[in-house]
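Trainee: I have this one open and would like to go through it. Can you take my questions as they come?

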Amino acid sequence: MSPFLGEFIGTALLIIFGAGVCAGVNLKKSYAANSGWIVITMGWGLAVAVAVYAVGRYSGAHLNPALTVALAISGDFPWKDVPGYVLAQVLGAMVGAAVVYLHYWPHWKETDDPGVKLGVFATGPAVPNTAANLLSEIIGTFVLVLAILAIGANKFADGLNPFIVGFLIVAIGLSLGGTTGYAINPARDFGPRLAHFLLPIPGKGSSNWAYAWVPIVGPLLGGALGSLVYKAVFLGKPTGALWGVLAATAVVLAAAKMAKGKQPAPQAAVLSSWRTGFVSK
């Protein structure tokens with residue numbers, strides 16, 4: 001299997017299980033309806049573990065453009081492979097979302113709220129505030145990438161690393177996910193959001209594109225910071241790239257803070273019933 005096919009299949013599996021648990025918890029007449037946030041975070045954590053087990057030996061199981069770009073910026077992944085990895089991840093996420101749509105086919109008509117339907121596919125802020133939402137995604141992805149690299153530096157019993165990374169996703173969801181649904185993965189949000197836009201979902205409403213840039217830019221900045229801080233602090237190998245990414249992060253946050261207006265808020269039902277995210281979520 002090629003690394004690019006591995007990323008495609010792995011990300012599709014990630015979204016089948018991850019968006020699938022969101023559908024089960026949020027769509028009406030599902031046996032899992034209203035089972036709550038802990039179920040969603042556990043579902044995403046197990047989704048990551050399964051996906052990494054499936055394709056880790058073929059592609060390294062990035063499953064997340066933020067991780068791929070972060071490793072490239074720190075010099076641990078070739079830039080020439082980044083476009084192929086990112087494209088495979090986005091396409092895999094779209095296919096995974098389409099599978100979830102088909103699996104829950106009769107439940108879309110049973111569910112009235114368009115916000116709940118969007119929440120199966122994409123993330124949204126609990127309190128709409130562009131700068132704060134962006135900062136949440138930066139922090140969440142910073143922790144994700146830093147912790148993945150730290151986990152990789154430890155020795156576990158053979159084959160346990162993916163399981164430990166899955167628990168990392170659960171921990172991020174429980175501790176940091178309540179603000180924006182912890183996308184922490186541009187492909188995880190953009191691919192399913194695009195699928196939501198394209199699929200003939202009954203009564204689906206807006207795909208909330210005004211917010212869509214936040215779970216792309218935030219994770220990319222946070223992931224880059226995570227990898228560069230790990231290299232500087234844990235390995236004692238600081239690079240000038242760290243200061244460049246810190247400066248870019250400050251500029252983007254300042255611009256978001258000064259920007260007039262706020263992105264449209266997702267529907268209230270999403271805010272009360274759905275938060276999610278991941279990977280590598």
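Trainee: Is aspartate 113 buried, exposed or partly exposed?
Mentor: Keep in mind that this is a predicted model. Aspartate 113 has a relative accessible area of 25%. Buried would need under 20% and exposed over 50%, so aspartate 113 counts as partly exposed.

Trainee: Where is aspartate 113 found?
Mentor: Aspartate 113 sits in the loop between helix H5 (107-110) and helix H6. In space, its C-alpha is 7.9 Å from the C-alpha of glycine 203, and the two residues are 90 apart in sequence.

Trainee: And threonine 41, buried or exposed?
Mentor: Threonine 41 is buried, with a relative accessible area of 0%. Its place is in helix H2.

Trainee: What is threonine 41 in contact with, leaving aside neighbours within four places in sequence?
Mentor: With that exclusion, threonine 41 is in contact with Val170, Gly173, Leu174 and Tyr182.

Trainee: Changing topic to the nonpolar core. How many residues has the largest one?
Mentor: The largest nonpolar core has 48 residues. Leu14, Trp44, Trp108 and Phe121 are those with the most contacts inside it.

Trainee: Which elements give two or more residues to this core?
Mentor: Helix H1 (3-26), helix H2 (37-59), H3, helix H4 (82-103), helix H6 (114-121), helix H7 (130-152) and helix H8 (161-176) do.

Trainee: What does tryptophan 108 touch?
Mentor: Not counting residues up to four places away in sequence, tryptophan 108 touches Leu27, Val100, Tyr101, Lys117, Val120, Phe121, Ile201 and Pro202. One of these, Phe121, is also among the core residues with the most contacts.

Trainee: What does the second, separate core include?
Mentor: That core has 13 residues, including Ala131, Ala224, Ala232 and Leu242.

Trainee: On to helix packing. At what angle do H1 and H6 cross?
Mentor: Roughly 155°, and their axes come within 7 Å. Angles over 145 degrees count as roughly antiparallel, so that is the label for H1 and H6.

Trainee: Which residues of H1 and H6 meet?
Mentor: On the H1 side they are Ala19, Cys22, Ala23 and Asn26, and on the H6 side Val116, Gly119 and Val120. By type, the contact of H1 with H6 has five nonpolar residues, two polar and no charged.

Trainee: What about H4 and helix H9, at what angle do they pack?
Mentor: H4 and helix H9 (residues 186-198) pack at about 50°, with their axes 8 Å apart. H4 and H9 are therefore oblique to each other. The crossing is right-handed.

Trainee: Which residues of H4 and H9 meet there?
Mentor: H4 supplies Gln89, Val90, Ala93, Met94 and Ala97, while H9 supplies Ala187, Phe190, Gly191, Pro192, Leu194, Ala195 and Leu198. This contact of H4 with H9 divides into ten nonpolar residues, two polar and no charged.

Trainee: Last pair. How do the axes of helix H3 and helix H10 cross?
Mentor: The axes of helix H3 (residues 65-73) and helix H10 (residues 214-234) come within 8 Å and cross at roughly 40°. That makes H3 oblique to H10. The H3 and H10 crossing is right-handed.

Trainee: And which residues make the contact?
Mentor: Pro65, Ala66, Val69, Ala70 and Ile73 come from H3. H10 brings Pro219, Leu220, Gly223, Ala224, Ser227 and Leu228. Nine residues of the contact of H3 with H10 are nonpolar, two are polar and none is charged. Ala224 of H10 is also one of the residues in the second core.

Definitions and conventions. Residues numbered from 1 in each chain as written. Predicted model: local features only at pLDDT ≥ 70, side-chain atom pairs only at ≥ 80, totals over all residues. Heavy atoms only, no water. Axes fitted to C-alpha atoms, helices over the stretch in contact; angles between N-to-C directions. Helix = DSSP H or I, 4+ residues; strand = E, 2+ residues; numbered from the N terminus. Parallel < 35°, antiparallel > 145°, perpendicular 65-115°, else oblique. Left-handed = near helix turned anticlockwise from the far one by under 90°. Contact = heavy atoms within 4.5 Å. Nonpolar A, V, L, I, M, F, W, Y, C, P; charged D, E, K, R; others polar. Core = buried A, V, L, I, M, F, W, Y, C linked by side-chain atoms within 4.5 Å. Buried < 20%, exposed > 50% of the residue type's maximum accessible area, 1.4 Å probe, protein only.
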